[in-house]
Amino acid sequence: MAKHVRILLIEDSEDDALLTIRYIEAAGYLVSWQQVQTREELLASLQERWDIIISDYVIPGFSGIEASGR
């Protein structure tokens with residue numbers, strides 16, 4: 001039985017997001033996920049509960065460092 005995991009992806013590339021999800025699914029996880037690209041989308045998505053948040057390091061106009069709140 002696959003373990004369910006909820007993932008928030010901070011990622012500007014849909015292809016990269018899909019590759020990440022496929023990799024995790026190939027490891028045997030059932031994945032529910034959402035992709036965000038801006039600070040506003042991130043703040044709105046944080047109203048939900050996530051098991052894992054994965055961030056691209058640099059996104060045009062936004063970054064993983066900014067997302068971490070540093």
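From the N terminus on, the elements run β-α-β-α-β-β-β-α. That makes 3 helices and 5 strands. Helices (H or I, at least four residues) and strands (E, at least two) are DSSP runs, numbered from the N terminus. This is a predicted model: local features need pLDDT of at least 70, side-chain atom pairs count only at pLDDT 80 or more, and totals for chains, interfaces and linings use all residues. Residues are numbered from 1 along each chain as its sequence is written, and side-chain values use heavy atoms, with hydrogens and water left out.

**Whole chain**

Show the surface. The accessible area comes to about 4900 Å² (Shrake-Rupley method, 1.4 Å probe; for residues, only the protein chains shown count as cover). Carbon and sulfur atoms hold 52% of that surface. Of the 70 residues, 26% count as buried. Buried means under 20% relative accessible area, exposed over 50%, and partly exposed in between (1.4 Å probe, protein chains only). Now look at contacts, meaning heavy atoms within 4.5 Å. Among contacts with a separation of 6 or more, 67% join residues 24 or more positions apart.

**Stop 1: Ser 45**

Select Ser 45 in helix H2, residues 39-45. Its relative accessibility is 2%, so Ser 45 counts as buried. Find the backbone oxygen of Leu 42: a polar atom of the Ser 45 side chain lies 2.8 Å from this oxygen. Next, display the contacts of Ser 45 beyond four places in sequence: Leu 8, Gln 34, Val 36 and Trp 50.

**Stop 2: Glu 41**

Stay in helix H2 and pick Glu 41. With a relative accessible area of 37%, Glu 41 is partly exposed. Draw a C-alpha to C-alpha distance from Glu 41 to Ile 10: it reads 9.3 Å, across 31 residues of sequence.

**Stop 3: Glu 11**

Move to the loop between strand E1 (3-10) and helix H1 (14-26), where Glu 11 sits. At 10% relative accessibility, Glu 11 counts as buried. Which residues does Glu 11 touch, leaving out those up to four places away in sequence? Select Asp 16, Ala 17, Gln 35, Val 36, Gln 37, Asp 56 and Ile 59.

**Stop 4: the salt bridges**

A search of the whole structure finds 2 salt bridges. The criterion is a side-chain nitrogen of Lys or Arg within 4 Å of a carboxyl oxygen of Asp or Glu.

Start with Arg 6 and Glu 48, whose closest N and O atoms are 2.9 Å apart. Arg 6 is in strand E1 and Glu 48 in the loop between H2 and E3, so this pair ties together parts 42 residues apart in sequence. Arg 6 is partly exposed, at 24% relative accessible area. Glu 48 is partly exposed too, at 40%.

Go on to Asp 51 and Arg 49, with closest N and O atoms 3.7 Å apart. Arg 49 is exposed, with 64%.

**Stop 5: the nonpolar patch**

Finish with Leu 43, Leu 46 and Ile 53, a nonpolar surface patch. Patches take residues with over 30% relative accessible area and no salt bridge; like charges are joined within 9 Å, nonpolar side chains (Val, Leu, Ile, Met, Phe, Trp, Tyr) within 5 Å. Ile 53 belongs to strand E3, residues 52-55. At 44% relative accessibility, Ile 53 counts as partly exposed.

Technical notes
A polar contact is a pair of N or O atoms within 3.5 Å; within protein, one must be able to donate a hydrogen and the other to accept it, and residues adjacent in sequence count only if both atoms are side-chain atoms.
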